[in-house]
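Please look at the model first.

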Amino acid sequence: MAKTNGNKESTQNDHLCQMLADLKVKTSVLEVQGGERDAMTKTTAELLKVYDENVTKLTCGPVMRSDRGSSEVVDEISESPIDFDSVIQDFKDRLVSAGHNNGHPTFFGFISAGDGTYPSALGTFVPANLATYSGAHLGNPAAVQMENRLIKWVADLFGYPAGHAGNISSGGSLATLTALAVARDSRELKAVDFHRCVIYCSEFTHFAVQKGLRAVGMREAILKKTPVDQSYRMTAAALERQIKEDTEAGLLPFLVVATVGTTMTGSVDPVDDIADVCERHQLWLHVDAAYGGFFALCDEMKQLFVGVERSDSIVVNPHKGLFTSGGVGVLVVKDGKKLQHCCSLEETPSCFKGSSVFSADHVSPSELSFELTRPFRGAQMWLPLKVFGVGVFRAALEEKLLLARYLYGKLKETDEFELPLEPELSVVLFRATAPPVVDINNFNQQLLNDLISDGKIFMIPAELHGQFYLRVCVLCFRTHIEHIDLCFSLIREKRAHLWKSFRLDA
């Protein structure tokens, strides 16, 4: 009987070993090696070459239409494989040759995010191939040390003292969400009082704040808009009045969001004056510098950042001002212990007990963020900063500031446009004057439609107090004076043609 059982077990083991051998053969294709890997790399490089020609030789505009049609359903995922060249051709048709190209030098619409330099793109590629995990110090101490050095560099740029802490997240949205959670916990707010809590911002504050409040469970909190001045900057005097009135009404003011570079107008809130108010009333001051933050590298812009060092937290996006590939946002909290308290657990998870993954000697990024599994995003900053040096980024940002002023001056000298404010950073707002009896808002809406449909440039509108304006944001590292000249000439050309058509219709 024992012999029979032994034979049966032997047969089962043989069957199991054969199954495992078959599965090993079947799954071996996942390890792409040698010539096949070289062929994939070559095909991918050819795809990138097509993209490069688009953005450097202007073979097409920033908005492209696919011949296959945008309404076509993307192929289903199937059991059977498809050859690599066919998949890359599909990428070329759908991604390279269609849609918005944020990296195009005449893309003046949304604040650039993802039009990264080549070393930054390699900063995504290399860690992905090396399977670099940066969530725990034990997993890869060098990666964690690189990210910590980058966070310190950002903190030093804004004058934060020792004792700060931060993380590199997927962008401004997650960084803002985390900052809101830290502010909530540092004030020891309870859910029963969320409906009485007041957050102050201007009407131009990014909507990531509203989304973040919902994500941290504070949907019931009061998001109050503080009045702005003629340059669309939050006014500290109005903020103080609101706080006093709300306190007297039994509400709980606890957070102010000041913006260095609003998305719509590029305006910079007076952070130092706002910090005075926050200190008097013991409110958390968060600075959204996602767009404008890295302009602090430029000497002439430093006066706009006075008071930022007094804030409790700040968010800045390298995928904007440092031209990294998309998905890189930095949060720094002045009191690093508050960030750690918010994001870490009181007890080590049971699956890590007995190991040295987490220790008091080395705080891990996953203890300073809500993310556990996370890519090594720091490489997307580290590589370009090391390869190019900080100076070239300062020069690029100075160029964008000057290009915005250049366009502003060209538009102003024609007397054909209304310009509500001079650019503080790299956003230019304007609208064309309209023929008599023609609604100016409708006229400029049509002007925008004509400019976009032409396909050579892309911009978006801005609504200010019910009035329709056109908006140009200059932040792509590839944008130079010849691209601004093209933008200006097209604006004038389309305006003249539209003016003539409206006069003929009249």
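In helix 6, Thr178, Ala181, Val182, Asp185 and Ser186 meet Lys338, Leu339, Cys342 and Cys343 of helix 11 (contact means heavy atoms within 4.5 Å). This is a predicted model: local features need pLDDT of at least 70, side-chain atom pairs count only at pLDDT 80 or more, and totals for chains, interfaces and linings use all residues. Residues are numbered from 1 along each chain as its sequence is written, and side-chain values use heavy atoms, with hydrogens and water left out.

**Helix 6 and helix 11**
- Helix 6 (residues 172-186) and helix 11 (residues 336-343) pack at an angle of about 95°, with axes 9 Å apart.
- Helix 6 is therefore roughly perpendicular to helix 11 (65 to 115 degrees).

**The sheet**
- Four strands form an open, antiparallel sheet in the order 10-11-13-12 (strands pair if DSSP finds at least two bridges between them; strands are DSSP runs of E, at least two residues, and helices of H or I, at least four).
- Strand 10 (417-418) and strand 12 (460-464) stand at the edges with a single partner strand each, so one side of each has no neighbour in the sheet.
- Two bridges join strand 10 to strand 11 (residues 427-432).
- Glu418 has Arg431 in strand 11 as its bridge partner.
- Helix 13 packs on the sheet and touches strand 10, strand 11 and strand 13 (467-473).

**Helix 13**
- Its 23 residues (390-412) should span 33 Å at 1.5 Å a residue; the end C-alpha atoms are 34 Å apart, which agrees (the expected span is 1.5 Å times one less than the number of residues).
- Buried residues of helix 13 include Phe393, Lys400 and Tyr408 (buried means under 20% relative accessible area, 1.4 Å probe, protein chains only).

Notes: Buried means under 20% relative accessible area, exposed over 50%, partly exposed in between (1.4 Å probe, protein chains only). Axes are lines fitted to C-alpha atoms, for helices over the stretch in contact, and angles run from 0 to 180 degrees between N-to-C directions. Angles under 35 degrees count as roughly parallel, over 145 as roughly antiparallel, 65 to 115 as roughly perpendicular and the rest as oblique.
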